[in-house]
Amino acid sequence: MKSTVETLSPTRVRLAIEVPFVELEPSLKKAYREIGSQVTVPGFRRGKVPASVIDQRVGRGTVLNEAVQDAIPDNILAAVREHDVKTLGRPEVEITEFNDGDSLKFTAEVDVRPQITLPDLATVEVTVDELQIDEDEIDKQVASLRERFATLKTVERPAQDGDYVQIDLAATVDGEEVPGGSATNISHEVGSKQLLPGLDEVLVGVSAGESKTFVTQLVGGDFAGRDADVAVTVRTVKEKELPALDDEFAQLASEFDTLDELRGDVRERVSKSKKVEQIYAARDRALEQMVAAADVPAPEGVVREEVEHRKQAMVDQLERIGASLEEYLTSEEKTEEQIDAELTEAATEGVKIQLLLDTLADAEEVQVSDDEFGHEIVHRAQRAGLAPQQYYDQLVRSGAAGAVFGDVRRGKALAMVMERIKISDSAGNPVNLEELRAASGEDQDHEHDHDHEH
């Protein structure tokens, strides 16, 4: 095999490869074996059909094509190693010349990792918001907890927003009962908009034992898109009673004896949450600054693949909840072109960060131990609801184990960034990362989790 490499851009090269016909012999024999095991020829056992018979039955051209497709990946890999090309993504192959008995000539265009000049981490300075906690935030948290311990009391008055009612529903279209359109003794919070459009408006002012009728448009079933007449009968009206904010409430809702102790615990939890936000903000701003300083280019092919991956993941997620991309676009009031543009912007930034961290990991000779890799496999398996070995076997079968290894290595490089940069808050106070970690209780392995897989 002979090969040359041509630089097309800082992120793309073209390999020109020539393979003598004699070097195609192993692939040619393999093609005859595989095709021979698939064809049935009277008088020959399966797998024992001579090459001349396969040529007659299937065609020499078909065999040659399969041999070439088998040989191309190995020869690209050999050329990549010869020229020490750090490839990214899938190559685009074009066969330029090939005849039976002659050399195979083809080109392979592929994205490559660009040369990146890393900034001195000691010069990177980022500013995060000052950690401030307003009493209003504590009040909101306590109010939310108070809501969870509310009780319902039956009242003899018309329903108001915020009340809970027990209702019966019956829907008809042109006097015909809607299949599945009736329900009895449903509990509903007035004003929550959780049921049919128009229901909450008609419930206000209705007392127990009274009925009302309203019109709503059906969204599913045989009458989808049609207006339906819905009769609603109120069985009971209950108002929500909140417990008094006192020490007794603290004992009911928590392990604390007094309301002050409860508020103190809430304040500590809010503080931890804000400290975690400081870590994430510092991480994102440091990466943004470093990508800009290094002027990291984004390989178009890799970005294109990442956009396809993210879009497919979006479609899959929508399908799991019974929705389509078209329905999502309608609800978000966006076009598919706008979604593609947003995905491209996010993917471009993600790929740039990945390239930056890969370069840093190389420069610092970052290593990943078996324990670190295994820990990540266990963590991801838990999120996927699978046994670690089952999850790992799936990764190996799909060829994604190397990508996970790369993610762990980039995570270690990112932790190094966080150790070396200077972090201050908006008041000019230095922010100590170790103090943030200790206070927030975050696991170092995951506080820096910045997922840019592709």
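The following legends describe views of a predicted model of a single protein chain.

**Figure 1. Overall dimensions and make-up of the chain.** The chain contains 15 helices and eleven strands. Along the principal axes, its C-alpha atoms fill a box of roughly 95 × 70 × 40 Å. The radius of gyration of the chain is 32 Å, whereas a compact globule of 454 residues would have a value near 22 Å. Of the 454 residues, 36% are buried. When contacts between residues at least 6 apart in sequence are considered, 67% of them join residues at least 24 apart.

**Figure 2. The crossing of helices α8 and α10.** Helix α8 spans residues 300-320 and helix α10 spans residues 336-363. Their axes come within 9 Å and cross at roughly 125 degrees. Because of this angle, α8 is oblique to α10. The crossing of the two helices is right-handed.

**Figure 3. Residues at the contact of α8 with α10.** From α8, the residues that take part are Val302, Val303, Glu306, Val307, Arg310, Lys311 and Met314. They meet Glu336, Ile339, Asp340, Leu343, Thr344, Ala346, Ala347, Thr348 and Val351 in α10. The residues of this contact divide into nine nonpolar, two polar and five charged.

Figure 4. His83 lies in the loop between α3 (60-82) and β3 (87-97). With a relative accessible area of 26%, His83 is partly exposed. Apart from neighbours within four places in sequence, His83 is in contact with Ser3, Thr4, Val5 and Leu15. His83 and Ser3 are 80 residues apart in sequence, yet their C-alpha atoms are 8.8 Å apart in space.

**Figure 5. Asp84 in the loop between α3 and β3.** Asp84 is found in the loop that joins α3 and β3. The phi angle of Asp84 is near 50 degrees, a positive value in a residue other than glycine. Asp84 has a relative accessible area of 59% and is therefore exposed.

**Figure 6. Glu365 in the loop between α10 and α11.** Glu365 lies in the loop between α10 and α11, the latter formed by residues 370-384. For Glu365, a residue other than glycine, phi has a positive value near 50 degrees. The relative accessible area of Glu365 is 60%, so this residue is exposed.

Key:
Residues are numbered from 1 along each chain as its sequence is written. This is a predicted model: local features need pLDDT of at least 70, side-chain atom pairs count only at pLDDT 80 or more; totals for chains, interfaces and linings use all residues. Side-chain values use heavy atoms; hydrogens and water are left out. Axes are lines fitted to C-alpha atoms, for helices over the stretch in contact, and angles run from 0 to 180 degrees between N-to-C directions. Helices (H or I, at least four residues) and strands (E, at least two) are DSSP runs, numbered from the N terminus. Angles under 35 degrees count as roughly parallel, over 145 as roughly antiparallel, 65 to 115 as roughly perpendicular and the rest as oblique. A crossing is left-handed if the near helix is turned anticlockwise from the far one by less than a right angle, and right-handed if clockwise. Contact means heavy atoms within 4.5 Å. Ala, Val, Leu, Ile, Met, Phe, Trp, Tyr, Cys and Pro count as nonpolar, Asp, Glu, Lys and Arg as charged, and the others, Gly among them, as polar. The radius of gyration is taken over C-alpha atoms; the globule rule is 2.2 Å times the number of residues to the power 0.38. Buried means under 20% relative accessible area, exposed over 50%, partly exposed in between (1.4 Å probe, protein chains only).
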